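Visitor: I am new to this structure and would like a short tour. Could you show it to me?

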Amino acid sequence: MYFTFLYFNYYGMMSVAMTPNQHISSIVSSAFYAVWNLFSGFIIPQPRIPVWWRWYSWANPIAWSLYGLLASQYGDIKQSIESSEGTTTVEAFLRDFFGFKHDFLGVVAVVIIAFPVVFALIFAISLKKLNFQRR
């Protein structure tokens, strides 16, 4: 959760540094937040996203946070649950419905740590290189 809050913070800073003013930055950020929420896997699970859009789910930081939270908390529970398809375990439900595997948590942790680092680097480079002043 810490790195999730961190990448949201750095994304906001990055969007402000890459645009000429805060108004354009808020428009760009709102558009990206809406698309991130759509492709996060919460509204439409990743296995049900069309194949030609699934790449965006893998490039989506919210999808990785959702993957990490659900797989770490519920991915190893062997308790049986009733679903529309019959009786299954929580682990099998997460794997079949969402595509989340508990064994993939190491990769998820590395990717979630990488997002704030990338956003902070882009922020720093944008501050140094971009100049929106008019003369």
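**Helices, a hairpin and aromatic rings**

Guide: In helix α4, P61, W64, S65, Y67, G68, A71 and S72 meet L105, V107, V108, V111, I112 and F115 of helix α6; contact means heavy atoms within 4.5 Å. This is a predicted model, in which local features need pLDDT of at least 70 and side-chain atom pairs count only at pLDDT 80 or more, while totals for chains, interfaces and linings use all residues. Residues are numbered from 1 along each chain as its sequence is written, and side-chain values use heavy atoms, with hydrogens and water left out.

Visitor: At what angle do the axes of α4 and α6 cross?

Guide: The axes of α4 (residues 61-74) and α6 (residues 105-129) cross at roughly 140° and come within 9 Å. Axes are lines fitted to C-alpha atoms, for helices over the stretch in contact, and angles run from 0 to 180 degrees between N-to-C directions. Helices (H or I, at least four residues) and strands (E, at least two) are DSSP runs, numbered from the N terminus.

Visitor: Changing topic, how do β1 and β2 pair?

Guide: Strand β1 (residues 80-83) and strand β2 (residues 86-89) pair in the antiparallel sense over four bridges; pairing requires that DSSP finds at least two bridges between two strands. They form a hairpin with two residues between them, and E82 stands opposite T87 in β2.

Visitor: And how many aromatic pairs are there?

Guide: The structure holds 27 aromatic pairs. Rings of Phe, Tyr and Trp (its six-membered ring) pair if their centres lie within 6.5 Å; planes under 30 degrees apart count as stacked, over 60 as edge-to-face and the rest as tilted.

Visitor: Why is the pair of F97 and F98 edge-to-face?

Guide: The ring planes of F97 and F98 stand at 90°, with the centres 5.0 Å apart, so the pair is edge-to-face.

Visitor: What about F115 and F119?

Guide: F115 and F119 form a tilted pair, 5.9 Å centre to centre with 45° between the planes. Both lie in α6, four residues apart, about one turn of the helix.

Visitor: Is F119 buried or exposed?

Guide: F119 is buried, with a relative accessible area of 9%; buried means under 20% relative accessible area, exposed over 50%, partly exposed in between (1.4 Å probe, protein chains only).
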